[in-house]
Each structure stands twice: as C-alpha cells, then as structure tokens.
Amino acid sequence: MPGEAAPRAWWQEAVVYQIYPRSFRDSDGDGIGDLDGITGKLDHIAALGADVIWLCPVYPSPNVDNGYDVADYRGIAPEFGTMADFERLLREMDRRGLRLIMDLVFNHSSDQHPWFRSARASKDSPWRDYYIWRGSAGSGPPNDWRAVFGGGAWTWNEPTGDWYFHIFAPEQPDLNWENPALRRELWDIMRFWAGKGVAGFRLDVASFFSKKPFEAPQTGGIFPFYANGPRVHDYLREMRREVLDPLGLVTVGEAPGVTADEAPLYVDPARGELDMIFHFDHAGIDRTPEDFWTPAPWRLAGLKDVLTRWDRALAGRGWNSLYLGNHDLPRLLSRFGDTGVHRAAAAKLFATLLLTLRGTPYIYQGDEIGMINTPFPSVADLRDVVAANGWQSARAAGRAEADFLAEHLLVARDHARTPMQWDASPHGGFTDGAPWIMANPDFAVTNVAAATADPDSVLHHYRRLIALRKATPALVHGDYVPIEAGHPDIFAYVRLLDDVLLLVVLNVSAAAVPIGDLGRDGVPLIGSHDGHGPVMRPFEARVLRMAEEPGEYASPACSMGEVDPAYMGFSD
Ligand code: GLC
C-alpha cells in the first residue's frame with residue numbers, strides 16, 4: 001500500500017561518514033589520497049561511531065571532474081591503489097563492523113571510456129546508442145540547454161558530424177538510458193561491486209537519468225529542467241527489481257531538482273525505487289534560483305523551513321537523508337555557522353542538528369573536527385572544473401581576478417576538498433609529498449590529533465552525539481515537531497516516540513537569546529555548554545529529555561506541527 005510505513009531497516013539507524021578519497025590520506029607520498037590511506041585511518045571512523053562509509057569515486061578517470069568522469073566502471077584508479085587494496089579495505093572495514101557504499105556515476109561516463117571513444121569514432125559502433133546524438137552537418141546545437149558546469153549542453157563531434165548531449169562537462173557525455181542494453185550493462189556493474197561485498201550505492205544525479213524531450217527552451221534554474229524525466233521511475237524500478245532487491249543493497253540517490261512533494265515518488269517503499277535521496281533545497285539555500293554557482297544571502301527561517309518541509313513530506317512515506325556538508329559544498333561552518341570565537345560552539349550546534357533530526361545522517365570528512373573554508377590566495381590555487389570554467393567566462397567578461405575569487409569562494413567546491421587535517425605536521429599530516437590541492441593553513445590548530453586530546457572538542461561532541469543517537473530510538477524514529485517556527489534565531493523541535501519526549505533547542509546566532517521557560521524542567525542529555533538557564537549563549541545547543549508524558553501529542557497531528565508551544569513552556 002502506498003504510504004504504509006516500512007519495517008525498520010539497518011540503514012535507518014546507521015550513521016554514514018563520507019570520504020573524498022583524493023583528500024583523505026595519502027599513504028605513498030604522491031600527494032593524492034589513496035585506499036591504503038583510508039585503511040590506515042579506519043580506527044578514526046570506527047571511534048567516531050559511524051557504521052557506513054560512502055566512498056566517492058575511485059574508478060580510473062582522466063579526472064576532469066575528480067573521478068565523476070569514469071573511464072572504467074570495474075576498475076580502481078592507479079593513483080588510489082589496486083583492486084587488492086580495495087579488497088583489503090573492505091576486509092578491514094568488516095573487522096570493525098563498517099559497511100561500504102560505493103558512488104556510482106551512471107548519468108554519464110568519461111569521454112575517455114572505451115564506449116564513448118568507439119561511439120564518437122563511427123556511427124556503426126556497437127556502443128553508438130549508449131550516448132545521445134542529435135543534429136547533422138551544418139546544423140546548430142539541437143537546443144539552447146545549458147550545462148551545469150557552464151556553456152551549452154551539446155558538443156559537436158566532427159568524426160560523425162553530429163552533436164552529443166552532456167549535462168555536465170563536455171568530457172562527461174550523458175549515457176542513453178533509453179537503451180536497454182546500456183541498462184543491462186549498468187546492472188552488471190552493480191552486481192560486480194556487490195560481489196566484492198559492498199552494502200550499497202550512492203547514485204550520482206539519479207534524478208537526471210531520464211531526459212525530457214529536447215524541445216522546450218530552457219528557462220530558470222537548470223536542475224528542475226533535467227530532473228524527473230518521463231521514465232526515471234521506470235528505470236529505478238527496473239534497477240530495484242534486477243539488482244537491488246535480489247542482492248539486498250541499500251541505495252541513496254542524489255536528486256537535484258526534486259521537490260519535497262515529489263520525493264515520495266522516489267523513496268516510498270511501496271513503489272520499489274530508492275531507499276533515500278539527497279535533496280538540494282538547503283544546498284541551494286545560499287544560491288540564486290537561476291544559477292547554482294552565484295551566491296545569495298540565506299536566512300535561518302529558510303533553513304528551518306526546508307528541513308521541516310522535507311520531514312513532513314516523508315513522514316510515513318519514505319526515509320529522509322540528512323546532510324549539511326559534502327564534497328560539492330563549502331564548509332558548513334563557513335556557510336551557516338561561525339569561524340571566529342564561536343567556532344567550536346557553532347560546530348557542536350550543527351552536529352547536534354544533523355544528529356537529532358529524523359533520517360539517516362551523513363557526516364562529511366573533516367566536519368567532525370570543525371574544518372572551515374580555505375583562504376585560497378589565487379585562482380591558480382583552485383582545482384575544480386567549476387572554478388576553471390567560471391574564471392574563464394569571468395575573465396572573458398573583463399572581471400578582475402580578485403573580484404571573481406571573492407565571489408567564487410562563497411560557493412567553491414574546493415573548500416571541501418582540501419586535505420583532511422590529521423595533525424600539526426606539514427600539510428596537516430595528509431601527505432609526505434606535495435598535496436594535489438593546498439591544505440588549509442588552519443590545520444596547525446584544527447586537526448584530529450588535537451581534537452582527540454581535548455575532551456571538550458568538536459570531535460568528542462560528535463562521538464557523544466552519535467552514541468546518544470544509537471542509545472535513543474526516539475532520535476532516530478521519533479516524530480519531529482518544530483516549535484516556535486517563526487523565531488528568527490532559535491531552531492527548536494521535539495522528537496517523540498512512545499513515552500519518550502526529547503526537546504532540541506539551538507541558538508543559531510552569535511547573540512545571547514532569552515528563551516524563557518523553554519525546556520526548564522528537562523533533563524539535559526547533551527549540550528554545547530554546561531547548564532541550561534533561561535538565556536541561550538551564542539550558538540548554544542541543548543538536547544533535553546522532558547518529563548512530561550507525550551500523551552495526546554504523540555498522535556499523527558504532531559507530524560503536522562500542531563503541538564501547543566505552551567505545553568513546552570515556551571514564552572518569548
Ligand atoms: C554530482 C557529484 C559532483 C559531480 C557531478 C557530476 O553532483 O556530487 O561532484 O561533479 O555529480 O558527476
């Protein structure tokens with residue numbers, strides 16, 4: 001029955017840790033993180049309390065988009081190691097009770113993939129129909145659609161005299177999912193990795209697999225235009241039937257352009273598609289609606305609204321995934337928090353938010369020690385294709401480098417890709433060589449070694465929060481009910497399960513904020529500061545167990561946010 005709550009699954013109770021392998025730990029001194037580097041640091045992840053690692057792509061790739069342009073879906077990139085290294089990583093993870101989610105980039109391949117090299121060379125290639133071709137000699141691009149990384153979405157192919165389609169860079173040609181032979185090939189790739197023992201997959205831009213007719217002119221933002229093509233749900237159901245269900249794999253689909261209302265179409269268990277999706281509503285909260293790479297101011301009210309809307313849309317209809325940072329976003333503290341005197345408090349606050357909402361939390365590497373954005377001194381220090389393309393068009397338009405840099409650094413993906421900061425040695429202990437991207441000079445103070453030694457550190461706070469979540473089913477499965485939704489600085493909500501009522505209060509501001517009696521009678525379970533008086537300190541976070549019986553409030557009405565604020569003792 002659509003809408004029926006599914007039985008609880010292991011991955012709902014799991015905490016996921018995301019690794020960007022290029023930047024995690026380099027074991028052989030070539031300046032690039034690798035699989036042995038990850039294996040050597042598994043104890044850090046196990047000690048954090050995470051259960052699952054999501055590994056960004058490790059396949060052979062020309063690295064136009066750092067591995068999101070795959071040249072061999074069944075291989076390991078030499079700079080990351082060998083298949084034997086991958087298998088050892090899996091074994092060492094298994095010994096620690098950790099499971100692996102692989103990143104699959106199936107919307108597009110690299111232009112260096114043998115399929116595309118053959119397809120672009122001749123119209124008679126057996127792989128010709130694995131890609132999307134339009135037009136003929138003398139014709140212009142088939143339409144005006146734009147690529148996410150800048151420029152048009154069609155590139156001319158001289159040898160065959162037509163255009164191929166790519167939502168991202170020209171070196172990332174889109175695969176033609178209409179072709180059943182292509183789909184069978186993809187299912188086989190999934191079976192290959194499942195055979196190695198992975199627990200599941202993160203599907204890159206899963207909402208883009210099916211293309212809309214190449215007709216309408218493109219207006220507004222790009223993502224809605226490419227998302228939700230007419231056959232996407234057929235494809236996902238086929239994937240589930242052919243691979244996911246028979247092999248018991250978990251999947252989370254990246255889903256730009258999917259609204260909260262549309263989300264159940266992807267994750268309602270009764271529909272048999274994906275287990276979770278990553279939405280973009282808060283990823284884009286500090287961007288203009290028209291262009292993801294143009295910064296715009298954000299407000300707490302917007303963030304509260306997005307998180308609440310998504311919880312409601314999925315309550316009883318699917319399972320949410322929670323993230324505040326990833327490899328495509330600037331550091332969360334620099335976006336939403338504080339990088340000055342309140343930095344540690346803000347890091348603890350956002351950790352509390354991530355780990356007390358309903359859904360499966362995904363922690364991005366480095367967030368557990370409170371890493372922040374890097375003051376890249378020049379465009380030459382940036383590595384991302386988005387930065388390179390952005391600078392190329394800015395320069396062509398006559399903009400000064402400093403001007404472009406100041407704006408781009410508000411959205412730059414490279415902030416998330418600087419080396420993981422392990423200790424205070426050169427490059428933060430990431431490499432003995434020269435890192436492929438500069439380390440944030442902040443590694444001297446913010447690093448895993450220092451954080452481990454300080455019992456009051458952000459890292460220990462993450463560990464405590466994860467342990468609390470594991471011991472508290474209400475934090476995983478409980479209803480989420482926002483309270484005082486209109487408050488400009490306070491983000492507060494309750495989590496309710498059976499006779500357990502928890503109150504989370506976050507002061508998302510650098511000011512002291514009075515909260516009256518809110519939570520006065522509660523028992524503090526965890527907080528960023530000691531005590532819980534009537535004034536919240538800057539970026540203070542509190543989680544309290546309330547003595548009251550939830551009683552009538554533990555009804556479906558709670559999911560609609562209809563708790564009487566007076567019940568919680570809130571007064572302005
Ligand atoms: C996803 C990935 C991003 C990549 C893009 C194209 O958004 O997260 O890193 O650039 O897809 O593959």
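Modeller: Here, contact means heavy atoms within 4.5 Å. Please keep in mind that this is a predicted model.

Colleague: Which strands does helix H9 lie across, and at about what angle does H9 run to E13?

Modeller: Helix H9 covers residues 300–314 and lies across E12 and E13. Taking the direction of the helix against that of E13, the angle is about 20°.

Colleague: Which strands are touched by helix H11, and what angle does its direction make with that of E14?

Modeller: Helix H11, residues 343–356, packs on the sheet and touches E13, E14 and strand E18 (541–545). Its direction makes with that of E14 an angle of about 145°.

Colleague: In what order do the 5 strands of this open sheet follow one another, and which are the edge strands?

Modeller: The sheet is open, its pairing is antiparallel, and its order is E12-E13-E14-E18-E16. Neighbouring strands are turned by 25° against each other on average, with direction ignored. Strands that pair on one side only are the edge strands, and these are E12 (479–483) and E16 (523–527).

Colleague: Within that sheet, which residue of E14 is the bridge partner of Ile490?

Modeller: Strand E13 (residues 490–497) and strand E14 (residues 500–507) pair in the antiparallel sense over 8 bridges. In E14, the bridge partner of Ile490 is Asn507.

Colleague: Turning to the open sheet of 8 strands, which strands stand at its edges?

Modeller: The pairing in this sheet is parallel, and the order is E9-E8-E7-E3-E2-E1-E11-E10. Two strands have a single partner strand each, so one side of each is left without a neighbour in the sheet; these are E9 (276–278) and E10 (321–323).

Colleague: Are H5 and H7 roughly parallel or roughly perpendicular to each other?

Modeller: Helix H5 (residues 180–196) and helix H7 (residues 232–247) pack with their axes 10 Å apart, at an angle of about 25°. Angles under 35 degrees count as roughly parallel. H5 and H7 are therefore roughly parallel.

Colleague: Is the aromatic pair of Trp145 and Phe165 stacked or edge-to-face?

Modeller: Trp145 lies in the loop between strand E4 (133–134) and E5, and Phe165 lies in strand E6, 20 residues apart. The ring centres are 6.4 Å apart and the planes stand at 70°, so the pair is edge-to-face.

Colleague: Finally, which residue takes a positive phi in the hairpin of E5 and E6?

Modeller: Strand E5 (residues 154–157) and strand E6 (residues 162–165) pair in the antiparallel sense over 4 bridges, and Thr155 stands opposite Tyr164 in E6. The hairpin has 4 residues between the strands, and the residue with a positive phi, near 65°, is Gly161.

Terms used:
Residues numbered from 1 in each chain as written. Predicted model: local features only at pLDDT ≥ 70, side-chain atom pairs only at ≥ 80, totals over all residues. Heavy atoms only, no water. Pairing = 2+ DSSP bridges. Axes fitted to C-alpha atoms, helices over the stretch in contact; angles between N-to-C directions. Phe/Tyr/Trp six-rings, centres within 6.5 Å; stacked < 30°, edge-to-face > 60°. Parallel < 35°, antiparallel > 145°, perpendicular 65-115°, else oblique.
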